[in-house]
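Visitor: I'd like to learn how to read a protein model feature by feature. Could you walk me through one?

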Amino acid sequence: MVLLRRVIGDALRARRQGQQRTLREVSTAANVSLGYLSEIERGHKEPSSELLAAICDALGARLSELLLEVSDTVALAEQMSGVLVPVQDEPVEVAAASAVRKSTNRGVRQVTSDGKVAVSVRQDSPLKATLRSTRVRPTERDRDVVCAA
């Protein structure tokens, strides 16, 4: 099961980091406390629709774009079987998996690749897994999507 608040938080964080902006800059622009925005990005708090709209505005994004991205990520996670089962420690053997943090491949496994998108899962703890989809042949408009559940 994927927690919606985590997927929303990951999408917001990815947009903010993609713009190379700090939590402080975005929280000030959205008129929300830095701590609360951090909790939203980490998936600990679920933002109201008004707050989500303010954060999107501060990021220069449309709310509909963010929700579409979240919807696509949730749909992808729902189609994958075994996303939240324990993962054996084994290295990833797919080129697209290099997008997964190089610090460690512990608990990472390739789930699927259709030639356009590769999806990998990292088991962070017994109750948390990170799903990362990466475009195999990225273009300027493509972006990675990461969600944790």
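Visitor: Let's start with a single residue. Leaving out residues up to four places away in sequence, which residues does A11 touch?

Guide: A quick word on the ground rules before that. This is a predicted model, where local features need pLDDT of at least 70 and side-chain atom pairs count only at pLDDT 80 or more, while totals for chains, interfaces and linings use all residues. Residues are numbered from 1 along each chain as its sequence is written, and side-chain values use heavy atoms, with hydrogens and water left out. Now, a contact means heavy atoms within 4.5 Å. On that basis, A11 touches L66, E69 and V70. The C-alpha atoms of A11 and V70 are separated by 6.9 Å, although the two are 59 residues apart along the chain.

Visitor: And is A11 buried or exposed?

Guide: Buried means under 20% relative accessible area, exposed over 50%, and partly exposed in between (1.4 Å probe, protein chains only). A11 has a relative accessible area of 5%, so it counts as buried.

Visitor: Which helix holds A11?

Guide: Helices (H or I, at least four residues) and strands (E, at least two) are DSSP runs, numbered from the N terminus. A11 sits in helix α1, which covers residues 4–18. The expected span of a helix is 1.5 Å times one less than its number of residues. With 15 residues, α1 reaches 21 Å from its first C-alpha to its last, close to the 21 Å expected at 1.5 Å a residue. After α1 comes Q20, with a positive phi near 55°.

Visitor: Which residues of α1 are buried?

Guide: An α-helix has 3.6 residues a turn, so residues three or four places apart point the same way. In α1 the buried ones are R6, V7, I8, G9, D10, A11, L12, R15 and R16.

Visitor: What else does E41 pair with?

Guide: R16, with 2.7 Å from N to O. R16 lies in α1 and E41 in α3, so the two tie together parts that are 25 residues apart in sequence.

Visitor: Which residue meets R15 in a salt bridge?

Guide: That's E69, at 3.4 Å, N to O. E69 belongs to helix α5 (residues 63–79) and R15 to α1, so the pair ties together parts 54 residues apart in sequence. E69 is buried at 7%, and R15 is buried at 16%.

Visitor: Now the nonpolar side. Which residues touch the most other members of the largest core?

Guide: In soluble globular proteins, nonpolar side chains tend to be buried together. A nonpolar core is a set of buried Ala, Val, Leu, Ile, Met, Phe, Trp, Tyr and Cys residues joined through side-chain atoms within 4.5 Å. The largest one has 19 residues, and L12, V26, L37, I55, L66 and V70 touch the most other members. The elements giving it two or more residues are α1, α2 (23–30), α3, α4 (49–59) and α5. Helix α4 gives the most, with six residues.

Visitor: What does V70 touch, not counting residues up to four places away in sequence?

Guide: L4, V7, I8 and A11. There is also a second, separate core of five residues, including M80, V119, V121 and L131.

Visitor: Zooming out, what pattern does the chain follow?

Guide: Along the sequence, the pattern is α-α-α-α-α-β-β-β-β. Of the 149 residues, 38% are buried.

Methods: Salt bridge = Lys/Arg side-chain N within 4 Å of Asp/Glu carboxyl O.
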